[in-house]
Amino acid sequence: MSNIKLHVNGYIYEGWKDVSVTRSIEEAAPKFTIGLSADFQNGTGVLPVQPGAACKLVLNNTVVITGYVDGITGSYDDKTHSYSITGRSAIGDLVDCSAIVKGGEFNNLTVTQIAESLCEPFGVKVRAETSVGERLAKHRTDDASPHSIIERACRRRGLILSSSPAGELIITTIGNRKVSTPLQTGGNVKKAGGSFSMNQRFNQYLIKGQSDSSSDLASQIQAKGVATDPGVKRYRPLVVDAEDGETDLQSRAQFEATVRLGRSNKITYTVQGWEHDAGLWEPNTLVRVVDSYFGIDAWLLISTVVYGYSDGDGTIATITVMPKESFKVQLLKEKSPNAAGGGKKFGNVFADDQQLPAPDLPAIF
């Protein structure tokens with residue numbers, strides 16, 4: 001039997017028929033969808049939960065999302081009726097809304113201070129799990145959402161954004177925790193599926209500086225920043241504009257090549273239950289993957305976890321893993337004075353011994 005509790009307005013609703021909870025470092029706000037509570041299956045009234053209500057979702061006595069109910073759908077016929085409730089973390093407001101900042105920019109503030117200023121009106125707390133580096137001399141808002149402004153500030157300091165189960169905004173780094181329980185073919189893995197694509201990879205990455213003005217773009221780019229992906233055998237160039245204030249364009253080219261290679265390879269595993277030996281499966285953690293089918297024995301990054309429950313499958317966790325380099329953040333070098341294992345299958349994409357000559361892509365593992 002699932003242990004799923006939705007806390008709303010001082011009441012606890014249990015007995016849900018199905019649940020899907022998604023937590024991902026690729027999505028700013030964790031989200032959930034839960035089905036009609038068994039307590040109301042034979043009733044005729046409307047479920048006493050309204051859109052916009054503050055809520056807390058608890059799985060196996062562990063809080064996974066603190067936020068708000070986004071919406072409710074319902075249907076009925078002469079024999080049955082059902083409801084479905086969707087909601088997100090409080091971080092969702094930082095994604096949906098516009099930032100109101102006097103003057104349209106921040107001056108001489110740290111990433112944490114910028115985040116706290118933007119989050120305070122929404123009642124969202126900010127927590128930094130790592131050093132955030134030097135103050136930013138100037139950081140424009142560009143009429144964007146609070147989350148995108150903070151995310152851009154983090155990128156300038158080589159940081160990423162995450163969220164806590166309590167609805168806090170977390171400033172952190174990629175993959176700084178490991179899970180002791182492996183994902184293993186013939187062990188805890190019920191099923192798996194891999195995706196290895198080429199459409200977002202290019203044979204050459206050319207970084208265009210913001211001051212470039214010559215009509216001969218190729219010669220400009222050659223002098224600014226160039227990296228290659230030797231795994232792409234045909235002519236596929238990509239020109240990328242440098243970030244505002246970015247000066248190390250060679251590193252930026254290498255960054256683009258490495259990240260795109262990493263994101264082109266991902267595998268999704270389904271395991272029984274929501275927990276490993278030490279607690280819930282969580283995104284932004286490293287897990288050892290031992291997969292004889294895909295030829296992998298390596299530490300990979302959990303990018304997304306979906307906790308699911310249904311009467312047929314019981315509790316399952318769907319876990320997507322990718323190379324850690326898929327989410328590498330490029331630390332920008334600025335002009336501002338204040339700036340601070342595996343096997344041999346599938347083209348060797350996860351091979352420990354993959355070596356690429358500089359200045360080409362570094363090995364993923």
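The legends below describe close-up views of a predicted model.

**View 1. Overview of the predicted chain.**
The chain holds five helices and 23 strands. Of its 365 residues, 47% count as buried. The accessible surface of the chain amounts to about 17500 Å², and carbon and sulfur atoms account for 48% of that area.

**View 2. The largest nonpolar core of the chain.**
This core is made up of 40 residues. Those with the most contacts inside the core are Leu 6, Val 21, Phe 32, Leu 183, Tyr 269, Trp 281 and Val 321. Strand β22, which spans residues 296-310, supplies the largest share of the core, with seven residues. In soluble globular proteins, nonpolar side chains tend to be buried together.

**View 3. Surroundings of Tyr 269 in the largest core.**
Neighbours within four places in sequence are left aside in this view.

**View 4. Another nonpolar core, apart from the largest one.**

**View 5. Ala 298 in strand β22.**
Ala 298 has a relative accessible area of 4%, under the 20% limit, and is therefore buried. Leu 286 is twelve residues from Ala 298 along the chain, and the C-alpha atoms of the two are separated by 9.8 Å.

**View 6. Asn 61, a non-glycine residue with positive phi.**
The phi angle of Asn 61 is about 65°. Asn 61 sits in the loop that runs between β5 (54-59) and β6 (62-76). Its relative accessibility is 59%, which is over the 50% limit, so Asn 61 counts as exposed.

**View 7. Asp 143, a non-glycine residue with positive phi.**
For Asp 143 the phi angle is about 55°. The loop containing Asp 143 lies between strand β10 (136-140) and helix α3 (146-155). Asp 143 counts as exposed because its relative accessibility, 71%, is over 50%.

Note on methods
Residues numbered from 1 in each chain as written. Predicted model: local features only at pLDDT ≥ 70, side-chain atom pairs only at ≥ 80, totals over all residues. Heavy atoms only, no water. Helix = DSSP H or I, 4+ residues; strand = E, 2+ residues; numbered from the N terminus. Buried < 20%, exposed > 50% of the residue type's maximum accessible area, 1.4 Å probe, protein only. Core = buried A, V, L, I, M, F, W, Y, C linked by side-chain atoms within 4.5 Å. Contact = heavy atoms within 4.5 Å. Areas by Shrake-Rupley, 256 points an atom, 1.4 Å probe, with all protein chains shown as cover.
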